[in-house]
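Please consider the model shown below.

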Amino acid sequence: VSTSTSTSTSTLRSALSLALALARSPGPWTVQMFAIFFVRFADIEVTGDLGVQKGCAKIYALRSTPTRLKMESIAKTWTPYRSLGAMLCWKALDET
């Protein structure tokens with residue numbers, strides 16, 4: 001998993017986003033999932049994903065599903081491992 005925050009990584013992320021956006025117009029979620037699971041970037045923010053939001057609510061014992069703005073605030077604390085944070089939120093939903 002790449003944890004580098006170098007300019008080359010930033011450039012690669014931008015190029016990846018552009019390439020995927022031009023290829024059949026996938027949305028931001030598709031680009032984020034590709035970056036996490038295929039390119040294996042460690043620091044991808046997926047705060048708009050409902051599963052991440054619900055898992056986060058479970059982990060943090062929140063009374064309701066956090067808004068995207070609240071999720072961005074929470075996910076900021078996971079930097080530079082926001083992809084792992086998202087995976088842990090998804091896993092929390094699998095736990096009974």
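This is a predicted model: local features need pLDDT of at least 70, side-chain atom pairs count only at pLDDT 80 or more; totals for chains, interfaces and linings use all residues.

Residues are numbered from 1 along each chain as its sequence is written, and side-chain values use heavy atoms, with hydrogens and water left out.

The chain contains five helices and zero strands. Helices (H or I, at least four residues) and strands (E, at least two) are taken as DSSP runs and numbered from the N terminus. Read from that end, the order of elements is α-α-α-α-α. The chain has 96 residues, of which 33% count as buried. Here buried means under 20% relative accessible area, exposed means over 50%, and partly exposed lies in between (1.4 Å probe, protein chains only). Among contacts between residues at least 6 apart in sequence, 57% join residues at least 24 apart; a contact means heavy atoms within 4.5 Å.

The axes of helix H3 (residues 50-59) and helix H5 (residues 82-94) come within 7 Å and cross at roughly 75 degrees. Axes are lines fitted to C-alpha atoms, for helices over the stretch in contact, with angles running from 0 to 180 degrees between N-to-C directions. Angles under 35 degrees count as roughly parallel, over 145 as roughly antiparallel, 65 to 115 as roughly perpendicular and the rest as oblique. On the H3 side the contact involves Gly51, Val52, Lys54, Gly55, Cys56, Lys58 and Ile59, and these meet Ala86, Leu88, Cys89, Trp90, Ala92 and Leu93 of H5. The residues of this contact of H3 with H5 divide into nine nonpolar, two polar and two charged. In this grouping Ala, Val, Leu, Ile, Met, Phe, Trp, Tyr, Cys and Pro count as nonpolar, Asp, Glu, Lys and Arg as charged, and the others, Gly among them, as polar.

Helix H2 (residues 28-37) also meets H5: their axes come within 11 Å and cross at roughly 100 degrees. H2 is therefore roughly perpendicular to H5. Met33, Ile36 and Phe37 of H2 make this contact with Ser83, Met87 and Trp90 of H5. Its residues divide into five nonpolar, one polar and no charged.

The contact of H3 with H5 includes two cysteines, Cys56 and Cys89. A disulfide is a covalent bond between the sulfur atoms of two cysteines. The rule applied here requires a pair of cysteine sulfur atoms within 2.5 Å, and the count comes to zero disulfides. The sulfur of Cys56 has its closest cysteine sulfur in Cys89, at 4.8 Å, which is too far for a bond. Cys56 is buried, with a relative accessible area of 0%, and Cys89 is buried as well, at 1%.

Across the whole structure, a search finds two aromatic pairs. One of them joins Phe34 and Phe38, whose ring centres are 5.4 Å apart and whose planes lie at 25 degrees, so the pair is stacked. Rings of Phe, Tyr and Trp (its six-membered ring) pair if their centres lie within 6.5 Å; planes under 30 degrees apart count as stacked, over 60 as edge-to-face and the rest as tilted. Phe34 is partly exposed, with a relative accessible area of 30%, whereas Phe38 counts as exposed at 62%.

Several individual residues complete the picture. Arg82 belongs to helix H5 and counts as buried, at 17% relative accessibility. Beyond its neighbours within four places in sequence, Arg82 is in contact with Ala42, Asp43, Ile44, Glu45 and Ala75.

Arg40, in the loop between H2 and H3, has a positive phi of about 65 degrees although it is not a glycine; Arg40 is partly exposed, at 46%. Ala61, in the loop between H3 and H4, has a phi near 55 degrees, a positive value in a residue other than glycine. Ala61 is exposed, with a relative accessible area of 65%.
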